[in-house]
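Please keep the sequence and the three-dimensional view at hand while reading.

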Amino acid sequence: MVGQKKWLPYVLLIPWFIGFLVFKLYPFFNSLYMSLFKRIQGQVKYVGLQNYVDLFDKNSTWGGLFMNGLKVTATYVLVTVPLILIVSLLVAYVLSRKIKGVGFFRTAYYIPTVLGANVAVVILWRYIFEYEGLINQGLSLFGISPVSWLGTAFGAMISIVLLRVWQFGSTMLIFLNALKNVPETLYEAATIDGASKTSQFFRITLPMITPIILFNGVMRLVETFQVFNGPQLITQGGPLDSTRVLNMVIYQVAFSGGQDLYTGSAMSWVLFIIIMVFTIGIFKSSKYWVYYQD
Amino acid sequence: MKTKKNLINRHKKNVNKTFKYTLLIIAAFVMLYPLLWIIGASFNDGPKSSFWIFPDQFTLEGWKGALKAPGWGSVEGYSLLRALWNTLQYVIPQTLFMTFSTLLTAFVMTRMHFKGKKLVFTIIITTLLMPNTIFRIPMFAFWTSDLMINVWDNELPFLPFLPLWAGGLFAVNSFSVFMFIQFFRSIPIDLDEAAYIDGASTFQVLWHVLIPVLKPIIMTVALLLFISSFNDYQGPLIYRGATSTYPLSLVLPTLGVDSINTYAHVYARSIFGVLLLIIVFFSAQKYFVGNDSDSAIKG
């Protein structure tokens, strides 16, 4: 700052700049470029937008799987994101109200977030949801007959949604912090005016943290659109492709079976465009529901 | 009349409080029960067929074979310790380098004046929202190109995992940069200025003034990077090299229940697979969930 050399910040930013060029900018445009090519009889040829046209053609090699993947991913995202937001906000709200042992509860609720994404735990999720597994054992205590979780489309989807909702910890911590920053005077004034706890929640708490709801919503949206571990390891996309999400299809096309980096790139771009449309839509809508303090 | 109302109110408050704690404890129990059940199941002979934690038929067989990995690349003598070491060969460099490079980037972004700062900030925020999927295929093409493949497709230490940690050298994790920027902003600039007036250099300010203040935050970011790298599955899956270099995340899924591996084995190995994660989390969590260091993660 004082007597700082003019070139120093630029030199210190060189690593970041190389990272941006090599790991972000180059692959971003290269995947767009690659999506315009196709390997035909061993030769890579320019095909324009043909890969994209094929993706939406049910009779092409990957079209059926891709369109199914879109549907499955959309279902997963639209169920998972609101659930994570609601659960984490409720838990954060209860914890923010002068509770003894907050530290204990915060740690307890955060543990699944640390462990839940690990392959070792994801594998066990399968055993927990299998016919003789923990969930059905638990249900039987209440006299509910066992459910074939992994054998039905609906049950399989529930098992992967629950795996993700279980890891609501980071979202909760961000909400918790935002809730602590809501000025106590607002609640005091409302209490004096005789407002109930419920109406305080909807009229003070919620509006005050709408910027954080926006932030958490967008971050979780971008992340859940790319879900992979759960469906890949628990359901393997089954039964009958009912949990074969887009990222699994892309992995299959580009890496495991197809070795077709070109179609895979086209799929990544469609996924990217969908995520961007959702993100921009949410940001555009934010002026109607997000409250910004100045 | 007044005292009666007060009494009822206090009673209501107590009921409310009890209700709240009961709810919180039940919720914690529901969330952690699957993990406890797995511990019980690792001592159980055969498939576990009850809801309760305690094993139906006690056995130590699972834990006796917990470190063995029969069927891993059909090579005798490979153990899960080796798989753990393979995992650490990308987790350690990734965590160390990424923490340092993103800290440095955030320091420049918040404590120095230069032209183009706004543009750099916009780029960081934009890349924060970019899905990783879009970068994956061209990066794979890059790492498997003739030029790069010879650098990492070998069995030397650390190098076979280069594609998984090289980004750490170049601050590519925008979320860490963003978090550090938020944290730096919460530290009054007067602190630096006092040091500059005393004749300190830029690096002395970073090293002797800011880093000590930022220690809990650095630990938090490092912990989050450690967790996400340790839990990475798709990365190791794509940049799979020789069988001997398989990390835990590739070895564990191949060890399902079969004629050699019992349920107890599978559960015990899974617990071993996350043991280090648990140890690291609990030793670092006093910096993390236990205090307000998450206070700068704001929208």
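Helix α8(B) itself covers residues 174-185, and its 12 residues reach 16 Å from first C-alpha to last, close to the expected 16 Å, the expected span being 1.5 Å times one less than the number of residues.

This is a predicted model, in which local features need pLDDT of at least 70 and side-chain atom pairs count only at pLDDT 80 or more, while totals for chains, interfaces and linings use all residues. Residues are numbered from 1 along each chain as its sequence is written, and chains are lettered from A and ligands numbered from 1 in the order in which they are written.

**Where the chains meet**

In the contact between the chains, 65 residues of chain B meet 74 residues of chain A, two residues being in contact if their C-beta atoms, placed from the backbone, lie within 7 Å. On the side of chain B that touches chain A, the largest share, 10 residues, comes from helix α1 (residues 2-41) of chain B. That side of chain B divides into 42 nonpolar, 18 polar and 5 charged residues; here Ala, Val, Leu, Ile, Met, Phe, Trp, Tyr, Cys and Pro count as nonpolar, Asp, Glu, Lys and Arg as charged, and the others, Gly among them, as polar.

**Helix pairs**

Axes are lines fitted to C-alpha atoms, for helices over the stretch in contact, and angles run from 0 to 180 degrees between N-to-C directions.

| Helix pair | Angle | Axis distance |
|---|---|---|
| α5(A) and α9(A) | about 140° | 8 Å |
| α10(B) and α13(B) | roughly 170° | within 11 Å |
| α6(A) and α13(B) | roughly 150° | within 8 Å |

Angles under 35 degrees count as roughly parallel, over 145 as roughly antiparallel, 65 to 115 as roughly perpendicular and the rest as oblique. The helices α5(A) and α9(A) are therefore oblique to each other, and their contact is made by Y109(A), Y110(A), P112(A) and T113(A) on α5(A) with G169(A), S170(A) and M172(A) on α9(A).

By contrast in topic, α10(B) and α13(B) are roughly antiparallel, and here M219(B), L223(B), F226(B), I227(B) and F230(B) of α10(B) meet L277(B), V280(B) and A284(B) of α13(B). This contact of α10(B) with α13(B) has 8 nonpolar residues, no polar and no charged ones.

Helix α13(B) also meets α6(A), and these two are roughly antiparallel to each other. From α6(A) come A120(A), V121(A), I123(A) and L124(A), and from α13(B) come Y267(B), S270(B), G273(B) and V274(B), which by class are 6 nonpolar, 2 polar and no charged residues.

**The nonpolar core**

The largest nonpolar core holds 143 residues, and those with the most contacts inside it are L124(A), F175(A), M267(A) and V251(B); such a core is a set of buried Ala, Val, Leu, Ile, Met, Phe, Trp, Tyr and Cys residues joined through C-beta atoms within 7 Å. Its largest share, 14 residues, comes from helix α10 (residues 202-230) of chain B. Leaving out residues up to four places away in sequence, V251(B) touches A69(B), W72(B), L80(B), A83(B) and Y246(B).

**Loops and backbone details in chain A**

Most residues other than glycine have a negative phi, and most peptide bonds are trans. Q41(A), which is not a glycine, has a positive phi of about 50°; Q41(A) lies in the loop between β1 and β2 (43-46) of chain A, and counts as exposed because it has 5 C-beta neighbours inside 10 Å. D241(A), also not a glycine, has a positive phi of about 65°, and counts as partly exposed with 18 C-beta neighbours inside 10 Å. The loop between α13 and α14 of chain A holds D241(A), and P239(A) is placed in the loop between α13 (229-235) and α14 (246-256) of chain A. The peptide bond from G238(A) to P239(A) is cis, with omega near -10°.

Notes. Helix = DSSP H or I, 4+ residues; strand = E, 2+ residues; numbered from the N terminus. Buried ≥ 20, exposed ≤ 12 C-beta atoms within 10 Å, placed from the backbone.
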